[in-house]
Amino acid sequence: MKNWLIVIFLTLSLIGCNSTQVNPDTEEFREPEPTEWVQYMKPVREYLYYRTQAVVKGDIEILWTRYPDLKNNVDPKTGVNNEIYEVDSLRASFNLIDANFHPESYERMKIQTVNDREVIVLIHGGIGYLREDLDESGGGILIKLYIEHKDNQWIVVKTDEYLIHEFKEWIKNSEE
């Protein structure tokens with residue numbers, strides 16, 4: 001049963017990601033200038049690296065050690081700081097040996113500047129996991145990364161991943 005739920009989730013994620021361009025909340029999001037893109041893509045890649053390593057190794061502490069704020073306010077109903085559920089569900093279903101991520105596989109990142117020390121980055125990309133049987137699992141990801149400038153670097157302090165019902169609403173709104 002658990003395997004089927006994962007397959008259904010990943011399939012719906014891929015269907016949702018292929019249908020249109022991102023438009024949820026885009027009134028306040030914009031494409032970054034080239035210098036901003038370079039500045040914000042580094043923390044995006046770093047987050048995705050630690051996230052995929054946590055999933056492949058089945059150890060959420062890999063992510064939480066780097067991003068301790070993501071331990072707080074975990075809410076599977078809204079997708080906030082929800083990484084533990086990806087670690088648990090994929091590791092329970094598959095033996096994973098590697099991962100690839102593509103933060104802009106569906107479209108370029110968008111940003112929303114909160115202030116000079118806080119930015120929200122909207123990523124519409126993909127994550128793929130290589131299983132021990134050399135098949136793949138994974139799919140599209142639509143996620144807001146809340147980053148703050150701390151100790152001379154940008155660091156992720158909160159994540160908000162779009163869940164299946166949010167994808168469906170996004171698709172509906174995109175088609176209108």
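1. Start with Leu63 and who sits around it. Setting aside neighbours within four places in sequence, Leu63 touches Tyr47, Tyr50, Arg51, Ala54, Leu70 and Glu83. Keep in mind while you look that this is a predicted model.

2. Where does Leu63 sit? Its place is in helix α3. Is Leu63 buried or exposed? Its relative accessible area is 0%, and because buried means under 20%, Leu63 counts as buried.

3. The largest nonpolar core has 42 residues, and Leu63 is listed with Tyr40, Tyr47, Val121, Tyr129, Leu145 and Ile147 as having the most contacts inside it. At least two residues of this core come from each of α2, α3, α4 (83–93), β1, β2, β3, β4 and α5 (164–175). Which element supplies the largest share? That is α2, with eight residues.

4. Now the sheet. Four strands make an open sheet, ordered β1-β2-β3-β4, with antiparallel pairing. The edges are β1 (96–115) and β4 (153–161); each has a single partner strand, so one side of each has no neighbour in the sheet. On average, neighbouring strands here are turned by 30° against each other, direction ignored.

5. Zoom in on one pair of strands. Strand β3, residues 136–150, pairs with β4 in the antiparallel sense, and eight bridges join the two. To find your way along this pair, look for Lys150, which stands opposite Gln153 in β4.

6. Helix α2, made of residues 34–57, lies across β1, β2 (118–131), β3 and β4. Relative to β1, helix α2 runs at about 145°. Remember that α2 is also the element giving the core its largest share.

7. Finally, how far should you trust what you see? For the protein chain the mean pLDDT is 86, with 83% of residues reaching 70 or more. Among the elements, helix α3 (residues 61–66) has the highest mean pLDDT, 98, while helix α1 (residues 2–19) has the lowest, 41. Over residues 1–26 pLDDT stays under 50, although the model has 49 contacts beyond four places in sequence for that stretch. Where pLDDT is low, predicted coordinates should not be read in detail.

Conventions:
Residues numbered from 1 in each chain as written. Predicted model: local features only at pLDDT ≥ 70, side-chain atom pairs only at ≥ 80, totals over all residues. Heavy atoms only, no water. Pairing = 2+ DSSP bridges. Axes fitted to C-alpha atoms, helices over the stretch in contact; angles between N-to-C directions. Contact = heavy atoms within 4.5 Å. pLDDT = per-residue confidence, 0-100. Core = buried A, V, L, I, M, F, W, Y, C linked by side-chain atoms within 4.5 Å. Buried < 20%, exposed > 50% of the residue type's maximum accessible area, 1.4 Å probe, protein only.
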